[in-house]
Amino acid sequence: MKLTTFANLDVPAGRLHRWATTASGVAVRHATGPSENERFHLDAVADGASGWLAVTFDIDSPAPDLVAVQHAFETVLDHHEVLRAHFVTDDDGDVRRLLHAPGGLTVSAAETVEHVDAATCKELISSTIVDGCTALSPASHVLAALEHGDTTTIICAFDHCYVDAHSLAVIAEDLTDAYRGEALRPAGSFLEHQAAEACGELSDSDARIVGWNDFLSATDWHVPEFPIDLGVAEGEFAAARIHVETVLSAEDAATFSASAAERGIRFYPALLACLALATRDLGGPEKLPLILPVHTRRTDTWSRSVGWFVANAPLVLDASNDLVSAMRSATDALAAALPLAEVDLTTVYGTFGHRLRKTRHDVFMVSYLDYRRFDGLPTMNVHHVSSDGRADTLQLWFWRDENGVHLRARFPDTETAATVVHTLVDDLIRIATDQLRHGHASLLTSPV
């Protein structure tokens with residue numbers, strides 16, 4: 001799996017096919033209204049932000065069966081309930097979720113554009129996605145295919161309301177299975193998950209509320225932003241830019257992970273500790289607050305489910321000592337932070353909003369996803385593609401696949417930010433690899 005944005009996606013020349021998805025029948029109001037993530041997303045889009053996600057993957061055929069692709073996409077839409085839903089806004093501003101029954105979304109026959117050059121092809125795909133992906137109309141999903149050489153690339157795009165990063169991997173595997181005529185693996189309903197996750201009002205004495213209070217008071221009530229200047233004034237934006245690097249090869253990641261585990265250190269917190277030290281080395285603070293997106297697929301019931309299964313946990317990383325100490329501290333801090341993700345941000349803002357100080361639109365967040373759980377991805381040349389959008393602080397995504405551990409940094413497109421982020425990522429990689437190459441104060445030599 002590779003993480004990129006549309007501007008950075010390599011789209012070759014070829015023969016382009018596009019399908020239209022339409023809704024039929026009556027959509028019925030669903031009892032599960034918009035989740036917190038969906039409400040925030042709809043507000044951001046209404047304010048001018050872009051908000052779609054796409055997945056691209058290859059079928060090993062120069063000329064796929066277009067009818068089979070069409071029917072495979074219909075199968076995926078029927079299989080995942082949330083993809084048959086959409087939102088409507090009432091005159092009074094209330095947002096409701098409507099749901100079509102299985103079979104209520106129909107994919108048309110393909111429309112083909114012959115022999116498209118690379119630039120035109122990319123422009124056609126872009127306009128199709130931008131025009132076709134919205135949460136406020138039914139069947140607003142995009143399906144396209146590009147034949148180029150001996151391979152065909154499938155493109156599936158959705159408004160972010162319907163999918164998260166994990167969902168894109170599921171959809172790539174599901175559509176491929178359906179195209180081959182194979183039954184799709186069972187998937188729980190995102191809407192049922194949302195109903196089950198809903199919790200009642202929390203008291204101020206609840207340990208999770210207390211944990212948020214401790215985090216926010218430790219940050220002087222500032223919503224986390226990257227602590228080093230990126231060349232964007234408060235209240236302003238720049239176009240978003242990305243930088244992608246491999247942090248550890250597959251072999252090094254396995255050694256790093258095993259060495260950490262022997263000492264009670266978890267793999268992801270070990271990476272976060274490297275980030276904390278790299279930030280400190282750039283002039284950042286010894287205590288680094290950030291937000292962690294946390295997946296809520298807590299059991300196998302939801303492992304093949306599509307939807308926005310993400311909550312948020314607050315974390316402070318301690319870089320005041322050596323790296324191994326920072327790794328152990330991060331491991332403990334993450335374990336303590338995960339229960340705090342059970343408190344939705346609406347509750348956080350409702351409880352502490354009168355004290356919060358938020359000087360940026362974006363939040364400094366760091367995410368992690370392990371794609372090795374998906375057995376079909378390694379042979380499919382899969383790309384997670386985000387809309388380009390705008391940015392005013394740094395956001396980071398670590399991911400692990402069969403090729404190792406990688407990092408995508410998203411930041412405002414300024415010379416200052418580019419210098420800071422490239423230096424930060426290079427130093428993070430150096431810190432991680434030094435533990436394996438030289439062994440000084442390292443995981444390989446430090447006692448428990």
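A: Eleven helices and 19 strands make up the protein chain, where helices (H or I, at least four residues) and strands (E, at least two) are DSSP runs numbered from the N terminus. This is a predicted model, in which local features need pLDDT of at least 70, side-chain atom pairs count only at pLDDT 80 or more, and totals for chains, interfaces and linings use all residues. Residues are numbered from 1 along each chain as its sequence is written, and side-chain values use heavy atoms, with hydrogens and water left out.

Of the 448 residues in the protein chain, 55% are buried, meaning under 20% relative accessible area, with exposed over 50% and partly exposed in between (1.4 Å probe, protein chains only).

A search of the whole structure gives twelve aromatic pairs. Rings of Phe, Tyr and Trp (its six-membered ring) pair if their centres lie within 6.5 Å; planes under 30 degrees apart count as stacked, over 60 as edge-to-face and the rest as tilted. Phe190 and Phe309 are edge-to-face, at 5.1 Å centre to centre and 75° between the planes. Phe190 lies in helix α5 (residues 190-197) and Phe309 in the loop between β13 (287-295) and β14 (310-318), so this pair ties together parts 119 residues apart in sequence. Both Phe190 and Phe309 are buried.

Phe226 and Phe364 also form a pair: their ring centres are 5.3 Å apart and their planes at 70°, so it is edge-to-face. Because Phe226 sits in the loop between α6 (207-218) and β12 (238-249) and Phe364 in the loop between α10 (345-352) and β15 (365-370), the pair links parts 138 residues apart in sequence. Phe226 is buried at 3% relative accessibility, and Phe364 is buried at 0%.

One aromatic cluster consists of Phe256, Phe267, Tyr268, Tyr368 and Phe398.
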